[in-house]
Amino acid sequence: MIGISSGARRTPLNGLDGRTKLIALLTIFILALVFSSPYYILGLLALVLTTWAIARLPWKLIKDILKFFLIIAVIILVVQIFFYPGETNLFRLSGPIGFIGFSGYITLEGIMFGIAMVLRLVVIMIVAPLLVLTTPLPEFMLALVKLKVPYRFAFIMTTALSLLPSIQSHSAIIQQAQLCRGITDFETGRLLTKLRTTAGLLVPLILGTFRDSQTLDVAMSSRAFGAPVKRTFLLESHFCPTDYIILILAILFLLGGVALRVLGYGTL
Amino acid sequence: MEPIIQFNSVTYSYPRTDVPAIRDISFEVDAGEFVALIGPTGAGKSTLCYCFNGSVPQLFSGAMTGTVEVAGCNTYQDEIPVLAQHVGLVVQNARTQLFNVTVLQEVGFGCENLGLPRNVILERVQAALAFVGLSGHEEREPSALSGGQQQRVAIACVLAMDPDVLVLDEPTSELDPIGSEQVMEVIARMNSELGKTIFLVTHDMEFVAKYATRTLVLSDHRLIKDGPPEEIFSNNALLDEARIRPPQVCEVSLGLRKRGYLIPHIPLTMNEAVSTIKGLNHA
Ligand SMILES: Nc1ncnc2c1ncn2[C@@H]1O[C@H](COP(=O)(O)OP(=O)(O)O)[C@@H](O)[C@H]1O
Ligand SMILES: [Mg+2]
């Protein structure tokens with residue numbers, strides 16, 4: 001589990017304003033979606049990994065994320081290789097299979113596009129922790145509010161994020177409780193039993209989370225959450241020179257990327 | 001003077017339930033009183049607490065009849081943020097009440113929402129933390145505090161908004177004796193030093209005997225008794241009906257009375273009990 005923690009770790013990226021990080025993240029997201037050439041996306045990946053190194057985040061986390069998405073990546077790769085309407089035939093696999101739209105040939109474009117799609121997924125997956133792990137939730141919330149996201153929405157979003165670890169620990173406790181009652185086939189057992197056990201795990205989890213969120217609602221309203229006045233923020237944030245540099249770079253990258261794309265670069 | 005709290009025949013059922021969680025509740029509380037609400041689990045104590053600031057019926061939908069007025073506000077008409085400035089609610093499980101990253105932000109949260117000026121908020125937070133004995137803990141993470149400290153932070157959170165009435169739902173039920181004592185001492189001082197009206201739900205009869213000036217007994221969703229603690233703790237039938245175990249000093253005196261000793265007033269505190277029993281020996 002990615003450690004979305006309220007007290008995010010201290011890293012060189014912590015000094016940046018939440019808005020800067022959010023905008024840089026969105027830029028990389030957009031560029032990853034704009035380009036479809038594996039070389040360009042590889043460039044983005046290099047940028048993200050460099051930032052990862054600067055932030056001194058653990059490399060093991062990347063490994064874990066990649067492991068988690070391995071199967072999805074393989075599926076994407078295979079699907080693109082088979083179905084991308086490429087022109088440069090590399091070799092013939094079978095006769096044309098009309099009803100699934102497969103020409104029978106593996107094409108260069110298919111392989112390239114498959115790789116691009118997988119790289120795109122990787123970039124998107126590993127860029128998120130760069131923000132999440134270097135930005136304490138209140139700073140993240142403040143950034144959203146300063147970017148004109150309504151406070152209520154920003155608060156609910158960040159609170160949901162902060163509840164993730166507690167949901168996780170709930171599920172561990174419930175699993176323990178089920179184990180104590182002799183329900184042991186979480187890991188082993190046939191599919192049907194597995195499904196039944198999982199349902200038995202989910203019901204108390206969802207009920208518990210629901211009750212929690214209802215008392216949370218009461219607790220928040222009792223402290224004037226949603227009062228129809230302009231809210232004060234104790235937390236303050238200011239742009240420092242590095243923020244401005246990064247923001248300018250992000251805007252240049254974004255404009256440059258879109259311009260390249262319009263001129264026909266960065267695609268297959 | 002107008003009572004600060006007025007419940008008029010309040011009946012409320014949660015959505016999708018047939019049985020009302022509280023039934024025909026009527027009582028009044030004057031400013032400055034220290035009222036304890038006692039009764040078995042499931043009687044409807046927490047539900048009653050939710051009525052004070054409009055959480056019932058505004059957040060929990062469901063069917064409510066009757067009216068609740070607190071500090072001149074009406075819980076149907078006035079919105080919860082408005083009510084929150086007059087009545088502070090500390091919910092049953094204080095941990096769900098703490099969702100900020102530092103104690104400072106936690107305690108400042110209510111005043112931030114009210115849009116108070118920054119320096120006013122900081123002053124109020126300092127004062128509230130000092131009052132509950134947690135000065136210097138501003139940068140701590142609430143979830144890393146002890147249970148008793150968390151409970152006191154939760155109290156500071158509503159205290160910082162400076163309400164006239166404080167409603168506290170079982171604030172000591174999960175605490176060790178020392179933690180409980182500290183929390184109860186804070187609650188008592190809010191009443192005696194700050195003049196706040198206290199409405200306290202608790203299972204700790206020793207505390208009720210020691211601090212409350214008045215006790216309400218809720219059993220089976222109804223208010224079955226309203227009177228001073230000594231009246232309740234000397235009423236055996238009532239204690240049985242509401243499944244309440246009185247403080248041990250009362251139990252001893254009740255036991256002695258059963259055996260034929262003449263005890264006109266059931267003592268509430270250890271000192272009173274000692275002199276009562278000493279009096280018996282002399283007789
Ligand atoms: N959110 C809810 N939805 C439906 N029923 C509830 C809810 N909360 C409490 N109840 C029911 O209302 C009754 C009173 O509960 P509660 O006020 O929590 O009692 P107490 O605090 O005295 O233990 C109980 O029967 C309980 O099951
Ligand atoms: Mg309760």
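Student: Is A:D64 buried, partly exposed or exposed?

Tutor: A:D64 is partly exposed, with a relative accessible area of 30%. The cut-offs are under 20% for buried, over 50% for exposed and partly exposed in between, using a 1.4 Å probe and protein chains only. Keep in mind that this is a predicted model, where local features need pLDDT of at least 70, side-chain atom pairs count only at pLDDT 80 or more, and totals for chains, interfaces and linings use all residues. Residues are numbered from 1 along each chain as its sequence is written, chains are lettered from A and ligands numbered from 1 in the order in which they are written, and side-chain values use heavy atoms, with hydrogens and water left out.

Student: Which residue does A:D64 form a salt bridge with?

Tutor: A:K60, with the closest N and O atoms 3.0 Å apart. A salt bridge here is a side-chain nitrogen of Lys or Arg within 4 Å of a carboxyl oxygen of Asp or Glu. A:K60 counts as exposed, at 52% relative accessibility.

Student: Where do A:K60 and A:D64 sit along helix α3 of chain A?

Tutor: They are 4 residues apart in α3 (residues 59–83), so about one helical turn separates them. Helices (H or I, at least four residues) and strands (E, at least two) are DSSP runs, numbered from the N terminus.

Student: And A:D17 with A:R19, how far apart are the closest N and O atoms?

Tutor: That salt bridge also has a listed distance, 3.0 Å. A:D17 is buried at 4% relative accessibility, and A:R19 is buried at 12%.

Student: How many salt bridges over all chains?

Tutor: The count comes to 14.

Student: Changing topic: how many helices and strands does chain A have?

Tutor: Chain A has 8 helices and 2 strands, running α-α-α-β-β-α-α-α-α-α from the N terminus on.

Student: Are α2 and α4 of chain A roughly parallel or roughly antiparallel?

Tutor: Roughly parallel, a label for angles under 35 degrees; over 145 is roughly antiparallel, 65 to 115 roughly perpendicular and the rest oblique. The axes of α2 (residues 38–55) and α4 (residues 108–132) come within 9 Å and cross at roughly 25 degrees. Axes are lines fitted to C-alpha atoms, for helices over the stretch in contact, with angles from 0 to 180 degrees between N-to-C directions.

Student: Last one: where is A:F99?

Tutor: A:F99 lies in the loop between β1 (89–92) and β2 (105–107) of chain A. A:F99 is exposed, at a relative accessible area of 76%.
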